[in-house]
Amino acid sequence: MRFQTADVKPDAHYIHGTEKTEQERLVALNRLTNPAFVEFLELRPDSRVLEIGSGLGILAGEVAARASQGGVIGIEFSSAQLAATPVTRPNLRFAQGDAHRLPFDGALFDVVYCRYLLEHVADPVEVLREMRRVLRPGGRVCVQENNILANEFYPECPRFDAIWEKFVALQLKLGGDSLIGKKLFALLRQAGFQHIRLSFAPEIHPADSDTFLPWVENMIHNVTGAAALLVRHRLATQREIDEAVAEVRAFEMRPDACGYFYWNRARAW
Ligand SMILES: C[S@@+](CC[C@H](N)C(=O)[O-])C[C@H]1O[C@@H](n2cnc3c(N)ncnc32)[C@H](O)[C@@H]1O
């Protein structure tokens, strides 16, 4: 397998950054969302798998456990994320690279996936074309992405919702698209895929579930992690952000509260 050393420019515009608190948020989000995602990949024990934008490598580690006779490679452009990535299995490795220019020859992998990546990249269609290029005949691409306005809290949290909408504007300013989940069908078609199957991965977190607090904390940390950028781009004041967080902290105390969301997923050939 040809595996070039990539010439990678770290992206200063990555909305979440790589601070320790953000890495902790990502660990918690992995705990919540990995089991359903690994099922969605429908791996065989001997699958050869590529993850693009592998972050802290937690998901890739779980995928490598499932593809125990195959192998998993994670491509990630941030050296801070790679430095926090433990290589826990012999069939798992990570390399620095840019999703727009994958450092591989074509037709190598049975499954190529990305999760929570396309919303951050400059050219999602180019990334999907690259994912298609490295697929073996008969292989498939699997994607799970955000449409952040699908988030709902009940009882409602209007201050939080107002800041959350600003998050959409911020990501646009930074060159990303936090609504990209609903565009997956169109983007995959533009990237040349003929067979596309769409689905939702639901998140339903009532106050009496073990997942309620981790889910709501994930939402809060998305906002607090981007607070400095929201203020710098004049999309919100620190006071508005503090009030939004206080509102959701009060929501967290309610025995009748519930959080709802869904991820957009696609499988394509
Ligand atoms: C939200 S994290 C998701 C990580 C992992 N896929 C998961 O589901 O836990 C997105 C990751 O994509 C990486 N990333 C963003 N743009 C990239 C690019 N152009 N090439 C490679 N990685 C990229 C970021 O550095 C970050 O680690």
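Visitor: Among contacts in the chain between residues at least 6 apart in sequence, what percentage join residues at least 24 apart?
Guide: The figure is 77%. Contact here means heavy atoms within 4.5 Å. Before we go on, this is a predicted model, in which local features need pLDDT of at least 70 and side-chain atom pairs count only at pLDDT 80 or more, while totals for chains, interfaces and linings use all residues. Residues are numbered from 1 along each chain as its sequence is written, and side-chain values use heavy atoms, leaving out hydrogens and water.

Visitor: How do you know whether the radius of gyration agrees with a compact globule?
Guide: The radius is taken over C-alpha atoms, and the globule rule is 2.2 Å times the number of residues to the power 0.38. For 269 residues that rule gives a value near 18 Å, and the chain has 18 Å, so the two agree. Along the principal axes, the C-alpha atoms fill a box of roughly 55 × 35 × 35 Å.

Visitor: What makes up the chain in terms of helices and strands?
Guide: There are nine helices and eight strands. Both are DSSP runs numbered from the N terminus: helices are H or I with at least four residues, strands are E with at least two.

Visitor: Why is S199 called partly exposed?
Guide: Buried means under 20% relative accessible area, exposed means over 50%, and partly exposed is in between, using a 1.4 Å probe and protein chains only. S199 has 27%, so S199 counts as partly exposed. This residue lies in strand β7, residues 196–206. Leaving aside neighbours within four places in sequence, S199 is in contact with F40, W263, N264 and R265. As for the whole chain, buried residues make up 54% of its 269 residues.

Visitor: What makes E22 and R25 a salt bridge?
Guide: In general, side chains of opposite charge can pair when their charged atoms come close. The definition asks for a side-chain nitrogen of Lys or Arg within 4 Å of a carboxyl oxygen of Asp or Glu. The closest N and O atoms of E22 and R25 are 2.8 Å apart, and the pair forms a salt bridge. Both residues sit in helix α1 (residues 20–41), three residues apart, about one turn of the helix. E22 and R25 are both buried. A search of the whole structure finds 16 salt bridges.

Visitor: Which residues make the nonpolar surface patch of about 350 Å²?
Guide: They are Y154, I204 and Y260. Patch residues have over 30% relative accessible area and no salt bridge; like charges are joined within 9 Å, and nonpolar side chains (Val, Leu, Ile, Met, Phe, Trp, Tyr) within 5 Å. The areas come from the Shrake-Rupley method with a 1.4 Å probe, and for residues only the protein chains shown count as cover. Y260, found in strand β8 (residues 258–268), has 39% and so counts as partly exposed.
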